[in-house]
Structure formats: structure tokens, C-alpha cells
Number of protein chains: 2
Amino acid sequence: MDFNDCPCTGRNLTKLVKPMVMALLAQGQLHGYALQQEMEEKASFIQGAPDLSGIYRSLKEMEGQGYVESSWVTCASGPAKRCFTLTNEGRACLAQWRETLAVYRDQINELLRFIDELNPPEAPAPGGPGRAKCGCAENC
Amino acid sequence: MDFNDCPCTGRNLTKLVKPMVMALLAQGQLHGYALQQEMEEKASFIQGAPDLSGIYRSLKEMEGQGYVESSWVTCASGPAKRCFTLTNEGRACLAQWRETLAVYRDQINELLRFIDELNPPEAPAPGGPGRAKCGCAENC
DNA sequence: CATCATAGAGGAGGAAGTCATATAGTGGAC
DNA sequence: GTCCACTATATGACTTCCTCCTCTATGATG
């Protein structure tokens, strides 16, 4: 049985692009392309680097909210780059993300523990130790 | 500063409705309404119970994929209920979810550790120990 | 009749992916 | 030197998936 198209593979889990971008920008300014490369390097980041379009989209939104600022930089070589820096508001937002993600991780842990309680995953005897049929108070 | 409308509050994080539903159904059959109540009880579940519509939608999809089966049950009292049970395929899918979620949790942990490395979150001295300006190889 | 318990449809909106395009420099084929 | 292919960089349109909110329906129940 293969689950290639099933969300249980994690295909559709959110990649948390914004907090990742903010975390990277907290270490110094970067442009979009470089952000993606940094993410690719840190394989620990959620399922590898997200799509470039997504990174630019996030940057644009975050700039609109005042979390990052950008300026064009022309280097001696290579095309012009748009460099982003994290503002103080962005830093505050990142701090909030940290709290949120810690809670989220704990909740996923709870869910995992709940799933593990079902081990061994043999079919529960019908009418056995499981829950009353259909979840009614009465036995119907 | 308040982040009420900011995704950093976790408002928009996925609630993992399907694995939660499957985990609950693994313990015995339930109908949609009862599923929501179970989730509300276990406050540890992701940010409380998800919307009822979402639960029904998930159940419908999962039934189409063969992960759950349903049958109408009429009790002595109360309106008819549509009770769902987890199939063997659903059990396999849940097992896959378990692996996926364990990885996901670890990746979130990595991200959190990465954010924590930035502590204390004082502004890095400009041109200081941070990364080269704009991420170029040269200093531009 | 008002309310509860239960089931569902429909649409809005956010996150992220794919595909397509634009533009500037770079390095080689000739 | 000129043309061409390729890399680096930025951006837009369209699509999918997930979740939420609102609205409707229907059979108890009091």
C-alpha cells in the first residue's frame, strides 16, 4: 500500500516559511535567493528549502507589515539584489513565533503520545474494551 | 505591540484534523458530533477542537479514500447518527501519520533551537559579528 | 414553539507549490 | 569581438490544500 498522494506523507504540512526567514534575517541582512540557499544548507529546516516564490511572497508580506525592510544593492559583480533586514517589530514577531512553535510542538507530542497509546495496533475486539458503540450514552 | 492578526499567534497553523480523527476512531466508532466533543475534552489537542464542518469534510474525504466506513445508527433517543469506523487502510495511514508527525516535531525543534541561538536578542552590532553585508562573497 | 443534537453545503481566506517571465551579468564557441 | 547559453535574481499568475465561518435542514425534547 502506498500513500504517495496522501497527506499522511506530510506533503501538505505547513513549512513555516515566515519564522524561518525571520530567524535567518535575525543574523544579518540577506536577499531572497541567498535565503533559499541558507535554508537548503540547513537540511534540518522543514523538509528542505521552500519554493523561491514562496520566500519572495513572504518577504513582500512581511515588508508590508513592517517586519522587514529592503534596499537594492548593486555589487561589483552579479545582478542587483534586494537585501532585507529584520526590524525591531520583526524581532518581536519572531519572539512570538518562538512561543507559538514551542506550544505547537508540545501539542504534536501529545497527539503522538495519544497515537502510541493505541499500540499494539491490532484491531480492537468488536464490543471489546473499546468505547461504547457509536459513542452514545446508551448502548444502541 | 499586539500581534492579533499575525500568523505568529499560530492562528493559521494546520490543526491536523485527519490524524486526530483517525486516532480517535482507532479506539472505536464515533459520529461527527461526538468526535468534536472528544477533541474538546482533550484540550491537549491542537488548539482545541476544530470546526465541525471541517470534521465532516475530513470524514467524507477519508471515506472516499477507504480510510473510514460509515453506517447510520438510530438510537432509542436522539436523531439518527452516522457512525464511522476506521478500516485497516485507515490504520495503516494512521501509522504513516505517526512517522510523519514525529519527523515534523523534530524539525520544529530544530527551528526552535536555531531561534534560541540568537539569544540574547539584542540587535547585532552593524558590521559586527554578523554575516557579510547582503550575503555576497565580496564585501559590497 | 423554542431549543438541542446532528448533519451538511458553500464560500472566504491563508499557506505554499508550479509554471512562466524578466533582466543582468558571465563565460565560452566561433 | 559577437552571439549564445547559462547563472543569479526577482516577480507574477494560477492552483491546491487546509481551515474557518455562515447558513440550512431535520428529528427530538420540553
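Two strands are said to pair if DSSP finds at least two bridges between them. Helices (H or I, at least four residues) and strands (E, at least two) are themselves DSSP runs, numbered from the N terminus. Please keep in mind that this is a predicted model, in which local features need pLDDT of at least 70 and side-chain atom pairs count only at pLDDT 80 or more, while totals for chains, interfaces and linings use all residues. Residues are numbered from 1 along each chain as its sequence is written, and chains are lettered from A and ligands numbered from 1 in the order in which they are written.

Let's begin with chain A. It holds four helices and three strands, and reading along the sequence gives the pattern α-β-α-α-β-β-α. The strands make an open sheet in the order β1-β3-β2, with antiparallel pairing. At the edges of this sheet stand β1 (30-31) and β2 (68-73) of chain A, each with a single partner strand, so one side of each is left without a neighbour in the sheet. Two bridges connect β1(A) to β3 (residues 81-86) of chain A, and the two run antiparallel. You can find this pairing at H31(A), which sits opposite C83(A) in β3(A).

How much of chain A is buried? A residue counts as buried if 20 or more other C-beta atoms lie within 10 Å of its own, exposed if 12 or fewer, and partly exposed in between, with C-beta atoms placed from the backbone. By that count, 36% of the 140 residues of chain A are buried. Contacts tell us about the fold as well; two residues are in contact if their C-beta atoms, placed from the backbone, lie within 7 Å. Among contacts in chain A between residues at least 6 apart in sequence, 48% join residues at least 24 apart.

Now turn to chain B. Its three strands form an open sheet in the order β1-β3-β2, and the pairing is antiparallel. Here β1 and β2 of chain B are the edge strands, each pairing on one side only. Two bridges link β1(B) with β3(B) in the antiparallel sense: L30(B) has F84(B) as its bridge partner in β3(B), and H31(B) stands opposite C83(B). On the β2 side, six bridges pair β2(B) with β3(B), again antiparallel, and S71(B) stands opposite C83(B).

How do the two chains relate? In general, two copies of a chain are related by a rotation about an axis and a shift along it. Here, a rotation of 180° with 0.0 Å of shift along its axis superposes chain B on chain A, with an RMSD of 0.1 Å; the copies are superposed by least squares on the C-alpha atoms of residues with pLDDT of at least 70 in both. The two copies are thus related as by a two-fold rotation axis. Within chain B, R105(B) comes closest to that axis, with its C-alpha at 2.9 Å.

Next, look at where the chains meet. In chain B, 63 residues are in contact with 63 residues of chain A. The elements α1 (17-25), β1 (30-31), β3 (81-86) and α4 (88-116) of chain B each supply at least two residues of the side that touches chain A, and the largest share, 23 residues, comes from α4(B).

Finally, which residues come nearest to DNA strand C? A residue is near a strand if its C-beta atom, placed from the backbone, lies within 6 Å of it. Of the 23 residues around DNA strand C, the nearest are P50(A), S77(A), P7(B), H31(B) and G32(B). Around DNA strand D there are 25 residues, of which P7(A), S53(A), P50(B), S53(B) and S77(B) come nearest.
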